[in-house]
Amino acid sequence: MTEPEPVSSWLDELPARLQALDDAHLLRRRRVVRPLGDGYLSVDGERLLAFCSNDYLGLAGDPALVEAACAGARAYGVGSGASPMVSGHSAANAALEDELARFVGLPRALYFYAGFATNASVIPALVGEGDALFSDALNHACLIDGARLSKATIHRFPHADLDHLAAQLAACTARRKLVLSDAVFSMDGDIADVPRLLALCERHDALLLLDDAHGFGVLGPQGRGTLARFGLVGPTASRRVLYMATLGKALGVAGAFVAGEPTLIEWLLQKTRSYTFATAAPAMLAEALRVSLRRVQHDEWRRVRLADLVAALRGRLHTGLAGTGWRLLDSPTPIQPLIVGDNATALALMDGLRQRGLWVPAIRPPTVPAGTARLRIALSAAHTVAEVERLADAIIELSPRISQEPTA
């Protein structure tokens, strides 16, 4: 009796598919890191000056935040134990929501355990089948995934092309319309034209979900965010804006929140699945965030230093990279993207910098469009001008060799 031939499984294809990623220079590898302070990380045991963290204000290791988290753990324990709708909504979390709403100049805030889960779940709570979504082509993955989960009809418009968006809105007959946009685009560092986005939403009876993950704490008076930068808070706030921001970047901790009109926030409290069915963020984090908010508000020197670092980097690279074909995108934020083109070149530049004690990971598709692989240089108030100049000089030194190497 002959043995039956083994049945082929799609699982057997995975090794070849992983190899294909590696051949295209798209395989990602995790590194084990430990913060060393003052902008340095231990990366797989190697001490490197890091330009890759979203800790824009240098608050993640601030002793006052650490002590607040420890005090919160002593008072509340290290876990919340349940959903906010059961017993996870601590006094610390409630106080944080009130303070966040006051800080951003909007009536009410809702605190979530994570930013990605916030957008991925808030969008389906707002629109569904038969409704219409309008999404900037360079929006973050969490907005894209939330749009898909909603089952609403998705209209994608070219990045920052608000004339195209205006035409799409004018042609739309859906009753409920939702416009999605990053406030600061995470891979390009440019700032959305929020006043015009809002004007279009007002004209076409749409709601604007503005994701300010990379502007909150950095932009606006006292770091109150992109809405405040444009003066669209307090008495001039619009009920057509749902403002979202994360708390693990400039604020140095973890989590996210949405803020807006009380009725809108109440609807999200009732209908957002990642709020209703997920364990609440621990109170110890809320206590650290409350201290971080005060630091953000009062430590203006951190934003002043960031502006100095941006100017130093851009001034040095603008001159030093002339004629290389590499392009530093126009960004006034701590996100400074250096476009080098193909994946292999980006990896080679990353490795050359690592050999010089500098850590700037390469960003490749699908995070960015094909042909726009880059170094996403992230500046922090933990850096000094001398350190930024060291990075710029290393990039300039490496550019003639790496830009001319074969990339196959």
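Leu-14 lies in helix H1 (residues 14-23), where helices (H or I, at least four residues) and strands (E, at least two) are DSSP runs numbered from the N terminus. This is a predicted model, so local features need pLDDT of at least 70 and side-chain atom pairs count only at pLDDT 80 or more, while totals for chains, interfaces and linings use all residues. Residues are numbered from 1 along each chain as its sequence is written, and side-chain values use heavy atoms, with hydrogens and water left out.

With a relative accessible area of 35%, Leu-14 is partly exposed; buried means under 20%, exposed over 50%, and partly exposed in between (1.4 Å probe, protein chains only). Together with Trp-10 and Leu-11, Leu-14 makes up a nonpolar surface patch of about 320 Å² accessible area. Such patches take residues with over 30% relative accessible area and no salt bridge, joining nonpolar side chains (Val, Leu, Ile, Met, Phe, Trp, Tyr) within 5 Å and like charges within 9 Å. Areas come from the Shrake-Rupley method with a 1.4 Å probe, and for residues only the protein chains shown count as cover.

Turning to the rings, there are four aromatic pairs, meaning rings of Phe, Tyr and Trp (its six-membered ring) with centres within 6.5 Å; planes under 30 degrees apart are stacked, over 60 edge-to-face, and the rest tilted. Phe-216 and Phe-257 sit edge-to-face, 5.2 Å centre to centre and 65 degrees between the planes. Phe-216 is in the loop between strand E8 (206-211) and helix H8 (226-229) and Phe-257 in strand E10 (residues 256-260), so this pair ties together parts 41 residues apart in sequence. Phe-216 is buried at 1% relative accessible area, and Phe-257 is buried at 0%. Phe-257 also pairs with Tyr-243, this time tilted, at 6.1 Å and 55 degrees. Ring pairs link Phe-103, Phe-216, Tyr-243 and Phe-257 into a cluster.

As for charges, the count comes to 22 salt bridges, each a side-chain nitrogen of Lys or Arg within 4 Å of a carboxyl oxygen of Asp or Glu. One of them joins Glu-266 and Arg-108 (2.9 Å, N to O). That pair links distant parts of the chain, with Glu-266 in helix H9 (residues 262-271) and Arg-108 in strand E4 (residues 108-112), 158 residues apart. Glu-202 bridges to Arg-240 at 3.3 Å between the closest N and O atoms; Glu-202 is partly exposed at 41% relative accessibility, whereas Arg-240 is buried at 14%. Salt bridges also connect Asp-62, Arg-295, Asp-299 and Arg-302 in a network.
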